[in-house]
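Here is a short tour of a structure, written to be read with the sequence and the 3D view side by side. Take a moment to look at both before reading on.

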2 protein chains.
Amino acid sequence: MVKSKVFIFRKHFDGLPKPGDLELVEEELPPLKDGECLVEAVYLSVDPYMRAHAPNLRLDTPFIGSQVAIIKESKNSKFPVGKYITGMFGWRTHSIVSDATIGWPSMPTYVLPDFGKLPISLALGALGTPGNTAYLGFLEICQPKSGETVVVSGAAGAVGNQVGQIAKIKGCKVIGIAGSDEKGKWLVDDLKFDHFINYKTQNVDEALKELAPEGIDCYFDNVGGEISTIVLNNMNAYGRVSVCGSISGYNDRSTKASIVQFAMVGKQLKMEGFITGRWKDKMLDAFRKNLEWINEGKLKYKETVTEGFENMFTAFAEMLQGANIGKAVVKA
Amino acid sequence: MVKSKVFIFRKHFDGLPKPGDLELVEEELPPLKDGECLVEAVYLSVDPYMRAHAPNLRLDTPFIGSQVAIIKESKNSKFPVGKYITGMFGWRTHSIVSDATIGWPSMPTYVLPDFGKLPISLALGALGTPGNTAYLGFLEICQPKSGETVVVSGAAGAVGNQVGQIAKIKGCKVIGIAGSDEKGKWLVDDLKFDHFINYKTQNVDEALKELAPEGIDCYFDNVGGEISTIVLNNMNAYGRVSVCGSISGYNDRSTKASIVQFAMVGKQLKMEGFITGRWKDKMLDAFRKNLEWINEGKLKYKETVTEGFENMFTAFAEMLQGANIGKAVVKA
């Protein structure tokens, strides 16, 4: 009998998730049936969307999330033993997977191609959903042109840092907004962002006026709320805003901010929210392009790795408070 | 010597405009030069945009606004005596106009075509900028399809009522939001809106869920703020939002509301702000189509007329508080 450790969602989050909201249990897995395989988690993902979706999740079921796992046993030739697989298997060490295992459109179940010298954890980051989100969410909605000025909030996160790097590849001037000078140093020194604003210590409005006196053409929004209204108020006519998330309000749905409509009308802005799954026909293109840029040295990646499946909750809570730089993952 | 009464902008508005903020003076006009004509105001417009733009206006100059005037004297063959003309001449009874008189792209200076039996005041309403705004701002951005559900805020105003009627012509289900049951009665009984919500006496969220259980596809936003966030939260996937104004915040720029980003992402909404002048090549089409619909009886209009140039300020302040039904105009 194979036993799996599983985090069960016990209590809806009130504000920042608390340790007691999830319970770590052990469960026995049934024997494999034909068409199934047994997989063991190698890397697990913690992402902001988990907090956003939590109010819609059922209690007393495993908490949601994607992972990279290794196939340990198989009764399905599509899932060869020893290969790596990724999918929305939840917060668990062992899972039984079959063709019927349902993922999300943006996070399908698939056996990983050979990553060569690159770490397989990138399937959860730069070469996974965050990478596809950055590529498609930015390019499809913002339609950036060379020479334009781009602002990214949540800039040191998994998606944000990649958006900024793609904007640089496309010839844009890039300003990142994040919450620590350590993050800023990484963005500017390593990733070659043009500028960085620490929203915790600087006046974002004044900083934008100083760093982008020409105005902002594109804004990739991971945070929502007051920072986003400030960015909108500094945009140029016909600016484009891609709304990926609103982490500033995930812990408090009643969050209020100065209204966006003044800027929307005055500058004739276009704002669009998206879920990456809408572009499922373009997902493979995004993966290939990100891989090409990584291999060419044009796109860098960074991971904040927490060791130990038992520490998933801690990694999750820390990520929600901005402790991670780059992609937050847990090594099982 | 011709004398003109003029309202001079003396003091920037703090909240709702106060009578002392504008001063009514008399000034002498110089004799006409070649190329000029003298016009006398017949109808003057009071519109929400005047409040929105006020912070950008220079003090001690005439307050902005469009009017329909009659040409009294002329030294320019393009401006024949006795014809009606419209333009951004400001809050004044008499003006000197020439080819160099600069309007806004959305409100150019032009000699009116023959309106036949229709009142010339419509050049400030259903057949003027509000009409063009309704036609272009709604159809170009919302791209409504027959059978879709459309919500209009500020629904009994000059632009809002026409948007709702155009949506009905296009085969949509239309819900109007406004601030009095008298307005609602007009929208539903006369203009054939499907439903009306009085935001002052009803819970807008509950009312929308009851009246549009199928969800909202298009939202034409005149008000911004909390009502708009509530509408967004009730929209369907891939809904379209046309942002025309944000009158809820004109008297207080620091207005806050629940953030829009949850709905923007969750429903993958597209929101776009606009200024009608962007479609200057389509303005004549809009005018012709609105005129055709009026002549066919498909499009109705209503005006709230205040008598007397001296009462412009009162008409303006009342309009900002929602006292008007349909287009607010002043008969000089």
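## Ground rules

This is a predicted model, in which local features need pLDDT of at least 70, side-chain atom pairs count only at pLDDT 80 or more, and totals for chains, interfaces and linings use all residues. Residues are numbered from 1 along each chain as its sequence is written, while chains are lettered from A and ligands numbered from 1 in the order in which they are written.

## Two domains in chain A

Let us begin with chain A, where the domain assignment gives domain 1 (2-125 + 301-331) and domain 2 (129-277); such bounds come from an automatic or database domain assignment. The centres of these two domains of chain A, taken over C-alpha atoms, are separated by 29 Å.

Across the boundary, 17 residues of domain 1 of chain A are in contact with 18 residues of domain 2 of chain A (contact: C-beta atoms, placed from the backbone, within 7 Å). Helix α1 (residues 48-53) of chain A supplies the largest share of the domain 1 side, 4 residues. Helices (H or I, at least four residues) and strands (E, at least two) are DSSP runs, numbered from the N terminus. By class, that side of domain 1 of chain A has 8 nonpolar, 6 polar and 3 charged residues. Here Ala, Val, Leu, Ile, Met, Phe, Trp, Tyr, Cys and Pro count as nonpolar, Asp, Glu, Lys and Arg as charged, and the others, Gly among them, as polar.

In chain A, helix α2 (residues 129-142) and helix α8 (residues 283-295) pack at an angle of about 100°, their axes 9 Å apart. Axes are lines fitted to C-alpha atoms, for helices over the stretch in contact, and angles run from 0 to 180 degrees between N-to-C directions. α2(A) is therefore roughly perpendicular to α8(A), a label used for angles of 65 to 115 degrees.

Which residues of α2(A) meet α8(A)? They are Gly131(A), Asn132(A), Tyr135(A) and Leu136(A), which meet Met283(A), Ala286(A), Phe287(A), Lys289(A) and Asn290(A). This contact of α2(A) with α8(A) has 5 nonpolar, 3 polar and 1 charged residues.

## Where the chains meet

Between the chains, 30 residues of chain A are in contact with 30 residues of chain B. On the chain A side, α6 (225-232), β13 (256-258), α7 (261-266) and β14 (270-273) each supply at least two residues. That side divides into 12 nonpolar, 12 polar and 6 charged residues.

Chain A can be laid on chain B with an RMSD of 0.0 Å by a turn of 180° and a shift of 0.0 Å along the axis, with copies superposed by least squares on the C-alpha atoms of residues with pLDDT of at least 70 in both. The two copies are thus related as by a two-fold rotation axis. The same surface serves both copies, as 100% of the contact residues of chain A recur in chain B.

## One sheet through both chains

β14(A) and strand β14 (residues 270-273) of chain B run antiparallel, joined by 3 bridges; strands pair if DSSP finds at least two bridges between them. Within this pairing, Glu272(A) has Lys270(B) as its bridge partner.

The open sheet has 12 strands with mixed pairing, in the order β10(A)-β9(A)-β8(A)-β11(A)-β12(A)-β14(A)-β14(B)-β12(B)-β11(B)-β8(B)-β9(B)-β10(B). β10 (195-198) of chain A and β10 (195-198) of chain B stand at the edges, each with a single partner strand, so one side of each is left without a neighbour in the sheet.

Notes. Two residues are in contact if their C-beta atoms, placed from the backbone, lie within 7 Å. Angles under 35 degrees count as roughly parallel, over 145 as roughly antiparallel, 65 to 115 as roughly perpendicular and the rest as oblique.
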